[in-house]
Amino acid sequence: MLSVLIPIYNYSVFALVSEIHQQLLKENIFFEILCYDDGSHSKLNIENKKINLLSNCEFKILEKNIGRSAIRNLLATNAKYDWLLFLDADVLPTSSNFISNYINYFKSKKTVFCGGLKYQNKESIKNLLRYKYGKKHEEISVDERIKNSKKFFFTSNFLIEKQAFSNIQFEEKLLKYGREDFLFSIGLKENNYKITHIENEVFHLGIDNNSVFVVKTKDAMENLIFLSEEGFLQKKESLILKFLSFLSLIKMDVLLAKMSPFFERKAIDKGSVFFLNCLKVCYLCQLKNKNE
């Protein structure tokens, strides 16, 4: 009935799997939990191997890294049940009714369900850029998510029928961090699947330090340019790409490209979402000029 799919890279997921496993047992349904490590060769896999001791659970290590999109496709291909619940490795349900809440939607057709994200208000992380960004751009109320269902589709917590997933899948040419969720949401819309947002959040626990998060953000901008140049994404589908075209039109892109290192330092040193957003624009200008 339900396959829970968790892609992993250098992260301990035993606590997450244990919680999901207990909730599934209470529901008395057919289920499996598949956890694949994408060739990280991490010492944390010693802990992850305990997953194989739980009923209907499998932890598997890939010898080679195949990428964030490909590993999700592989998990879905190997899943044996009709409904797929994708969870990121660094999340934890906010409710003991997390699984039962999703089960309520099993009779729905042509619909994908997004549970949403929350962040724990811990003093130790409140000054980190990743936390500030998540609170501002990802921890969004159900009412707001519904207003722009495609924008707030996150791969970290969503339910989809296996048949629907097989019609779309993640783009495996994307190897780096970022934008695979946005492209997938476009595919859903193009194939007439409805994206429905519900209140069934998970806590996002993996809070990177400022330097790591900035690197990941730059990777996401590289993916965005790649998607545009390869024809996977039209400029009209992305506000930041439309803005980039405008900057090119008024000949501001060359100047802004030179400011990319400045805003990168500011984003890291100040932990500022404003400077991070400035970096996104400037780095896109830098990438565009480099590729021309």
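I began with burial: 53% of the 292 residues of the protein chain count as buried, that is, under 20% relative accessible area with a 1.4 Å probe, protein chains only. The model is predicted, so I note that local features need pLDDT of at least 70 and side-chain atom pairs pLDDT 80 or more, while totals for chains, interfaces and linings use all residues. Residues are numbered from 1 along each chain as its sequence is written, and side-chain values use heavy atoms, with hydrogens and water left out.

I then looked up the secondary structure and found 13 helices and ten strands in the protein chain; these are DSSP runs, helices (H or I) of at least four residues and strands (E) of at least two, numbered from the N terminus. The radius of gyration is 19 Å, close to the 19 Å of the globule rule for 292 residues, so the protein chain is as compact as a globular protein of that length. That radius is taken over C-alpha atoms, and the rule is 2.2 Å times the number of residues to the power 0.38.

I next checked contacts (heavy atoms within 4.5 Å). Of those between residues at least 6 apart in sequence, 79% join residues at least 24 apart.

Last, I turned to one residue, His204, which lies in strand β10 (residues 202-204). Is His204 buried or exposed? His204 is buried, its relative accessible area being 10%. Beyond its neighbours within four places in sequence, His204 touches several residues, including Asp90, Arg130 and Glu138. I also recorded a polar contact of 2.8 Å between the side chains of His204 and Tyr119. A polar contact is a pair of N or O atoms within 3.5 Å; within protein, one must be able to donate a hydrogen and the other to accept it, and residues adjacent in sequence count only if both atoms are side-chain atoms.

Conventions. Buried means under 20% relative accessible area, exposed over 50%, partly exposed in between (1.4 Å probe, protein chains only).
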